[in-house]
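Please look through the model shown here and work out, from the coordinates alone, how its parts are put together.

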Amino acid sequence: LAALSRVLRLERGRRTAIVFPLQKLERYLAPGTDTARFRLFQPGLAALQRAEALFSSGCGHPIDYVSSAVRMDHAPPPALPEVCFIGRSNVGKSSLIRALFSLAPEVEVRVSKTPGHTKKMNFFKVGKYFTLVDMPGYGYRAPQDFVEMVEAYLQERRNLKRTFLLVDGVVGLQKTDHIAVEMLEEFGIPYVMVLTKIDRASRRVLLKNVLEIQEFVKENTQGCFPQLFLVSSVEFSGVHLLRCFVAHVTGNLPTVEAS
C-alpha cells in the first residue's frame, strides 16, 4: 500500500482508514465532540498524487542521501526548504522515513532493532524541491552531544520550514516529549506532532492518547499545528497524508489544493 494507486483499489472505508486514519476515530467520539481539529488538513486526490510524485524517484528527479553531520559546520548548505524529524530513541522515526521514501527504493534509510541507532543528523535531498533530515533520537541511548547538536540545528537552520515531533501512539506523551515541546516552543519553531505505531495500539488507547494530546496542544502550545497526524510504517496508514503535508509546508503544493 505504499503507492496511492493500490490504496484507491480498496473499498471506501478501508481506503479512508489508510489515507485519513484520524477520521476513522471520529465515529467513536461522544456526540457533540468538536472534530474541527480532525480535518484541518484534508487534501484532495490531486494534492495526494502530487505529493507522491515528489517522493517517487525518477529520471530528472533523484532522491538521494546527501550526508551526515554532528555539527552545523558539517551540514550541507541550506539551499532548499527543509523539514526535520525528531522523537524518542524508540519511537520509530527511521522506520517512518523509510516508509515515506518507499517509492524510491535506492534510498537507504537504516533501521535498527536497537533504540538510539541514529547518532548523527542525516540529510536526504528530494530532487530540487526540499531536504528531509533524520535527527538523532532523544532519551534512552541518545548521543552524548544531542542537546548541543539539536539546539544548534533548530536555532541556526534558517531554511527549516517545519519540525515533525514523533510521539509513540501506544504510550502517548512522555516526560522527554514534554522537554522537546518546551524546547521547540522556546525557540519559536513551528512543528507538528505525529503519532507513530498506531497499528500496535488498541482503538481505545489510541483515541485516549489522541484526545489527551489534542487538549495538551490546545492548552499548552503556540507553535504546534492543531491537527495530529497518525501513522503506521507497517500498514502505511497516514503515510500518504504525511507526504502531502511535507510537500505543503515546503512550498511544493499549491495552497488551493491543500485547503
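Helices (H or I, at least four residues) and strands (E, at least two) are DSSP runs, numbered from the N terminus. This is a predicted model, in which local features need pLDDT of at least 70 and side-chain atom pairs count only at pLDDT 80 or more, while totals for chains, interfaces and linings use all residues. Residues are numbered from 1 along each chain as its sequence is written, and side-chain values use heavy atoms, with hydrogens and water left out.

Q: In which helix does Glu212 lie, and is Glu212 buried, partly exposed or exposed?
A: Glu212 belongs to helix α8, which spans residues 203–220. Buried means under 20% relative accessible area, exposed over 50%, and partly exposed in between (1.4 Å probe, protein chains only).

Q: Which residues does Asn209 contact, leaving aside its neighbours within four places in sequence?
A: Asn209 is also found in helix α8, and at 6% relative accessibility it counts as buried. With contact taken as heavy atoms within 4.5 Å, and its neighbours within four places in sequence left aside, the partners of Asn209 are Gly169, Val170, Val171 and Gly172.

Q: Why are the buried residues of helix α4 on the same side of the helix?
A: In α4 (residues 45–54), the buried residues are Ala47, Leu48, Ala51, Glu52 and Leu54. The arc is that of the directions from the helix axis to the C-beta atoms. They lie on the same side of α4 because they cover an arc of only 155 degrees around the axis.

Q: How many of the residues of strand β6 are buried?
A: Tyr191, Met193 and Leu195 point one way from β6, whereas Val192, Val194 and Thr196 point the other way, and all are buried. In a regular strand the side chains alternate between the two faces of the sheet. For β6 (residues 191–196), the count of buried residues is six of six.

Q: Which strands are joined to β6 by bridges?
A: Two strands pair if DSSP finds at least two bridges between them. Strand β5 (residues 160–168) runs parallel to β6 and is joined to it by six bridges, with Leu165 standing opposite Met193. On strand β7 (residues 229–230), which also runs parallel to β6 and has two bridges to it, Phe229 is the bridge partner of Val194. The strands asked for are therefore β5 and β7.

Q: How many disulfides does a search of the whole structure find?
A: A disulfide is a pair of cysteine sulfur atoms within 2.5 Å. The sulfur of Cys224 is too far for a bond, because the closest cysteine sulfur, in Cys84, is 13 Å away. For Cys244, which is in no disulfide, the nearest cysteine sulfur is that of Cys224, at 18 Å. The number of disulfides found in the whole structure is zero.
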